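Work through the following exercises with the sequence and the model at hand. Each task is followed by a solution in steps.

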Amino acid sequence: MMVGCFVSLYVISPKLTGLTVVVLPCLVGAGALIGSFLRRLSRLAQEQVAKATGVADEALGNVRTVKAFAMEERELRLYAHEVDKSCEINENLGAGIAIFQGLSNIALNCIVLGTIFAGGTLISNNELSPGDLMSFLVASQTVQRSLASISILFGQMVRGLSSGARVFEYLGLEPTIPLSGGGRIPYHSLTGRVDFMNISFSYPTRPGHQVLKRFNLTLPPCKTVAIVGESGGGKSTVASLLERFYDPTSGVIMLDGLDIRTLDLCWLRGQVIGFINQEPVLFGSSIMENIRFGKPEATDAEVINAAKQANAHRFITGFPDGYNTVVGERGVTLSGGQKQRVAIARALIKNPSILVLDEATSALDAESERVVQEALDRATRGRTVLIIAHRLSTIQGADLICVMSNGRIVEAGTHLELVSKGGLYSDLIRRQRAEGQR
Ligand SMILES: Nc1ncnc2c1ncn2[C@@H]1O[C@H](COP(=O)(O)OP(=O)(O)OP(=O)(O)O)[C@@H](O)[C@H]1O
């Protein structure tokens with residue numbers, strides 16, 4: 001329609017049309033400049049809304065900790081502050097869009113006034129008839145209306161584009177470690193031997209801090225290897241690398257002699273490695289669904305069997321709704337020991353060849369620890385096991401105990417060998433005993 005109007009304007013008066021064509025690009029240029037400023041503001045507004053939502057999400061997700069420290073007021077103030085900031089940016093954005101639309105209307109009306117003025121001059125010079133000027137004004141009204149609609153649409157487009165840009169930014173993100181693709185080892189020929197070979201590693205967020213330094217360790221098939229050592233020494237990092245939450249900066253991790261980077265990650269995490277950590281996270285669904293999370297196609301009988309292996313069947317059947325008991329958000333309605341046993345059942349249901357226990361009992365009291373330890377002892381039989389432990393009493397039966405310090409293993413042997421050696425391990429034992437007696 002715009003093109004048609006411009007053709008008719010040109011036929012009526014090439015001079016007036018020429019004037020319009022000179023003025024319009026200047027206006028479009030100014031509009032584009034204001035537009036890019038508004039787009040930046042809109043993006044800022046989106047980010048601020050996300051930040052405010054993050055604060056609310058964190059406070060609600062950790063509501064017990066917030067209550068325990070009587071921090072409701074502080075969290076409320078923090079959220080109100082972020083919401084106020086978001087409100088302010090959105091108000092500025094609204095004002096910006098309003099000014100943009102107002103200015104574009106003024107500019108368009110100035111064009112009409114300018115046309116009347118220039119047309120009047122042309123009439124006085126007998127270059128244009130009054131009828132042609134009227135026709136020109138009517139035709140240019142159509143162009144003006146179209147431009148006014150575009151300016152309104154532009155305001156909506158600015159918001160839409162920046163929201164869309166954030167969505168597409170996330171949609172376009174590629175995981176640094178691809179989730180699928182790569183080889184699999186047939187279940188009957190998988191032995192579960194793991195070799196960490198010359199591993200060096202720094203977390204991407206702290207590239208200057210080397211957590212592991214030429215770290216070497218072998219987990220022999222069906223044996224239990226424990227890693228102990230000072231806090232922050234890199235023990236959990238070893239487990240994270242085996243799970244491929246990160247890839248080592250240098251060195252190779254082998255599973256049955258194959259570099260794990262060449263293996264299918266879904267298969268590795270879903271079927272080969274069972275991971276149980278200190279603070280198991282459950283979903284707000286039933287116990288049955290939580291255990292089945294480890295193997296979605298498992299039958300009810302398989303779920304119950306896994307729960308029995310994890311010492312969880314008795315307490316689950318003690319609930320009025322049994323396996324259909326809903327555990328609440330993150331499992332808040334279960335005790336620490338019960339949650340841990342559901343998590344063990346969830347890991348066992350996939351019958352993993354390798355089990356990683358990252359301080360699985362350190363958050364429990366003595367009685368819960370006994371029941372959970374019993375379940376773990378049963379669960380570890382016939383599997384390659386990596387235990388990361390704080391309490392040395394729980395790993396004395398391990399086939400190999402490795403003491404970590406400064407990102408590498410400094411001592412290795414059985415409990416008795418290490419105690420008789422009188423090195424770092426016996427120091428750790430002495431210190432823990434002294435702490436226990438205090
Ligand atoms: N996601 C992360 N990003 C950056 N640095 C991290 C991250 N996780 C751990 N670290 C750092 O890496 C080092 C090793 O941490 P790691 O959790 O492996 O130690 P740990 O031996 O398991 O400690 P603990 O016994 O206290 O659990 C620490 O200095 C820690 O601050």
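**Exercise 1. The ligand site**

Find which side chains place a polar atom by an oxygen atom of the ligand, and give the distances.

Solution. Start with His209: one of its polar side-chain atoms is 3.4 Å from a ligand oxygen. Next take Ser236, where a side-chain N or O atom lies 2.8 Å from an oxygen atom of the ligand. For Thr237, the corresponding distance from a side-chain N or O atom to a ligand oxygen is 2.5 Å. A polar contact is a pair of N or O atoms within 3.5 Å; within protein, one atom must be able to donate a hydrogen and the other to accept it, and residues adjacent in sequence count only if both atoms are side-chain atoms.

This is a predicted model, in which local features need pLDDT of at least 70 and side-chain atom pairs count only at pLDDT 80 or more, while totals for chains, interfaces and linings use all residues. Residues are numbered from 1 along each chain as its sequence is written, and side-chain values use heavy atoms, with hydrogens and water left out.

Now widen the view to the shell. The ligand is surrounded by 16 residues, where a residue is near a molecule if one of its heavy atoms lies within 4 Å of it. The closest are Ser231, Gly232, Lys235, Ser236 and Thr237. Helix H6 supplies the largest share of the shell, 3 residues. By type, the shell holds 3 nonpolar, 9 polar and 4 charged residues. Here Ala, Val, Leu, Ile, Met, Phe, Trp, Tyr, Cys and Pro count as nonpolar, Asp, Glu, Lys and Arg as charged, and the others, Gly among them, as polar.

**Exercise 2. Aromatic pairs**

How many aromatic pairs does a search of the whole structure find? Describe two of them.

Solution. The search gives 7 aromatic pairs. Rings of Phe, Tyr and Trp (its six-membered ring) pair if their centres lie within 6.5 Å; planes under 30 degrees apart count as stacked, over 60 as edge-to-face and the rest as tilted.

Step 1: Phe201 and Tyr246 have ring centres 5.6 Å apart and planes at 50°, so this pair is tilted. Phe201 is in strand S1 (residues 194-202), whereas Tyr246 is in the loop between helix H6 (235-242) and strand S4 (250-255), 45 residues apart. Helices (H or I, at least four residues) and strands (E, at least two) are DSSP runs, numbered from the N terminus. Phe201 is buried at 1% relative accessible area, and Tyr246 is partly exposed at 30%. Buried means under 20% relative accessible area, exposed over 50%, and partly exposed in between (1.4 Å probe, protein chains only). Ring pairs also bring in Tyr203, which forms a cluster with Phe201 and Tyr246.

Step 2: for Phe283 and Phe293 the ring centres are 4.6 Å apart and the planes are at 45°, so the pair is tilted. Phe283 lies in the loop between strand S6 (273-277) and helix H8 (287-292), and Phe293 in the loop between H8 and helix H9 (300-309). Phe283 is partly exposed at 42%, while Phe293 is exposed at 52%.

**Exercise 3. Positive phi**

Which phi value does Arg214 have, and where does the residue lie?

Solution. Most residues other than glycine have a negative phi. Arg214 has a positive phi near 45°, lies in strand S2 (residues 210-219) and is exposed at 55% relative accessibility. Cys222 has a positive phi of about 60°, sits in the loop between S2 and strand S3 (224-229) and is partly exposed at 45%.
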